[in-house]
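Q: Please take a close look at one part of this model. I would like a single connected account of it.

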Amino acid sequence: MPAASHKIVHDRFHIMQHVDKVRRQEHRELLSQEDERLEGTKYIWLYREENLPDKPDHLLKATNLKVAKAWAMKESLSGLWNYLSTGWAKRFMKRWLTWVRKSDLPPMRKLGKMLSRHQITNGAAEGLNSKIMAIKRRACGYRYREHFKTAIYFFCGGLDLYPKQA
């Protein structure tokens, strides 16, 4: 991919890092008040709702915990991947970014700013995938994976095969 080192892609892991920052900050604040509610809960906040091991609902639905709010924001954002229409996805993202900007959670606000600055589409990846599938169809499949990879590099690599004129 051209200039790949300058491209920024945000995956779910990077979003979870911001939730963990909220948890760490709040945990420090609670410990200074001798409140140990968040003791040993680091990984609970990183789970998706459907994958929670023993569903500690009392923590997740505790509206007075900042980390619970950050976790809800993370879970809500995961709904973005379910939209089939770009228009609806953009509306959802706009509402989500407004929610995050109005929150009292600096790491989540920072995440919102970062996501709004770096909104990208997967158009380039889809175009490249289409070109690769055309290469595969043109050859009616490849017997050896290495030959397929070579054909992809040859057709998609942007090589200049013509000798330079002096």
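A: A helix here is a DSSP run of H or I with at least four residues, and helices are numbered from the N terminus. Glu75 lies in one of them, helix H3. The model is predicted.

Start with the geometry. Helix H3 covers residues 66-77, which is 12 residues. At 1.5 Å a residue it should span 16 Å, and its end C-alpha atoms are 17 Å apart, so the two values agree.

Next, burial. The buried residues of H3 are Val67, Ala68, Ala70, Trp71, Met73, Lys74, Glu75 and Leu77. Two charged residues, Lys74 and Glu75, are on that list.

Take Glu75. Its relative accessibility is 13%. The cut-off for buried is under 20%, so Glu75 counts as buried. Its side chain makes a polar contact of 2.9 Å with the side chain of Lys74. Leaving out residues up to four places away in sequence, Glu75 touches Tyr47, Arg48 and Glu49.

Ala68 is also found in helix H3. This residue counts as buried because its relative accessibility is 5%. The C-alpha atoms of Ala68 and Arg23 are separated by 8.6 Å, although the two residues are 45 apart along the chain.

Now the wider setting. The largest nonpolar core has 27 residues. Val67 and Leu77 are among those with the most contacts inside it, along with Trp45, Met93, Trp96, Met108 and Leu111. H3 supplies at least two residues of this core, as do helix H1 (12-32), helix H4 (86-101) and helix H5 (106-117). In soluble globular proteins, nonpolar side chains tend to be buried together.

Conventions
Residues numbered from 1 in each chain as written. Predicted model: local features only at pLDDT ≥ 70, side-chain atom pairs only at ≥ 80, totals over all residues. Heavy atoms only, no water. Expected span 1.5 Å × (residues − 1). Buried < 20%, exposed > 50% of the residue type's maximum accessible area, 1.4 Å probe, protein only. Polar contact = N/O pair within 3.5 Å; in protein donor to acceptor, adjacent residues only side chain to side chain. Contact = heavy atoms within 4.5 Å. Core = buried A, V, L, I, M, F, W, Y, C linked by side-chain atoms within 4.5 Å.
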